[in-house]
Amino acid sequence: MNDREPMKDREPVKDREPVNEFGDFVTARYPALVRYGTLLTGDRGNGEDLTQEALVKTYRAWRRLHPHGDPEAYTRQVMVRAAWRAGRRLWRREVPAAVLPDRAAGGDAYAHSDTAELVLAALRALPAGQRIVLVLRYWAGLSEQEIAAQLSCSTGTVKSRASRAIASLRRSDGPLADLLEDHMLTG
């Protein structure tokens, strides 16, 4: 049988198990990967897109990764690099509107005091490079050297971006000002 014969005449692939295991991996880890993507991009929708794009690349590399590799580490690495590249682009697909569209009344009456939402909003306000460095440092728990290796930049770049990001978050007029003030009063 040569390579030019139609697919229907070929014998079926004998081992479909890696595909099933990829599905199990996605089922088990998708929510955590979306949270990671949300932190990296500052937006849940973009975080889901980033996760899906990374999972496509993970699927393509699955036979290399499985069974002895670490598919989650590979997927997270793909997500970090994609978020890093996207943050360096001048145009980011969507253009913010000058006036927000009408929103339905109601919603969460306690949203103004939800710490997670405040932190996500603060991360969203940071430039992508600073946000990615903070997520890798404080959420993923990587060292400055590990972050520099992942992002293919110097340790000094990682330190300066982290420093600028923290300074921005601590500003008295920043998005976390009320939260920090409340913490100082009760802490």
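I began with the accessible surface of the chain, which comes to about 13,100 Å². Carbon and sulfur atoms account for 52% of that surface. I note that the model is a predicted one. I then looked up burial across the chain and found that 32% of its 187 residues count as buried.

**Secondary structure.** I recorded nine helices and zero strands for the chain. Read from the N terminus, the order of elements is therefore α-α-α-α-α-α-α-α-α under the DSSP assignment. I also looked up the contacts between residues at least 6 apart in sequence, and 60% of these join residues at least 24 apart.

**Largest nonpolar core.** I counted 33 residues in the largest nonpolar core. Within this core, the residues that touch the most other members are L40, I132, L136 and L151. I traced the core to its helices: at least two residues each come from α1 (17–41), α2 (44–60), α4 (71–88), α5 (115–125), α6 (128–139), α7 (144–151) and α8 (155–170).

Beyond its neighbours within four places in sequence, I listed its contacts as Y36, V80, G141, L142, I147, Q150 and L151.

**T51 in α2.** I located T51 in helix α2. Its relative accessible area is 0%, so T51 is buried, the cut-off being under 20%. I noted that L33 stands 18 residues from T51 in sequence, with 6.2 Å between their C-alpha atoms. Apart from residues up to four places away in sequence, T51 touches Y30, L33, V34, G37 and M79.

**R76 and V78 in α4.** I next took two residues of helix α4, namely R76 and V78. R76 counts as buried because its relative accessibility is 18%. Its contacts, with residues up to four places away in sequence left out, are R29, A32, L33, Y36 and W139.

V78 has a relative accessible area of 14% and is therefore buried. With neighbours within four places in sequence set aside, I found V78 in contact with A54 and K57. I also looked up the pair V78 and E53, which are 25 residues apart in sequence, and their C-alpha atoms are 8.7 Å apart.

**S152 between α7 and α8.** I placed S152 in the loop between α7 and α8. Its phi is near 55°, a positive value in a residue other than glycine. I recall that most residues other than glycine have a negative phi. I checked the accessibility as well: S152 counts as exposed because its value is 62%, and the cut-off for exposed is over 50%.

How values were computed:
Residues are numbered from 1 along each chain as its sequence is written. This is a predicted model: local features need pLDDT of at least 70, side-chain atom pairs count only at pLDDT 80 or more; totals for chains, interfaces and linings use all residues. Side-chain values use heavy atoms; hydrogens and water are left out. A nonpolar core is a set of buried Ala, Val, Leu, Ile, Met, Phe, Trp, Tyr and Cys residues joined through side-chain atoms within 4.5 Å. Buried means under 20% relative accessible area, exposed over 50%, partly exposed in between (1.4 Å probe, protein chains only). Helices (H or I, at least four residues) and strands (E, at least two) are DSSP runs, numbered from the N terminus. Contact means heavy atoms within 4.5 Å. Accessible areas come from the Shrake-Rupley method with a 1.4 Å probe; for residues, only the protein chains shown count as cover.
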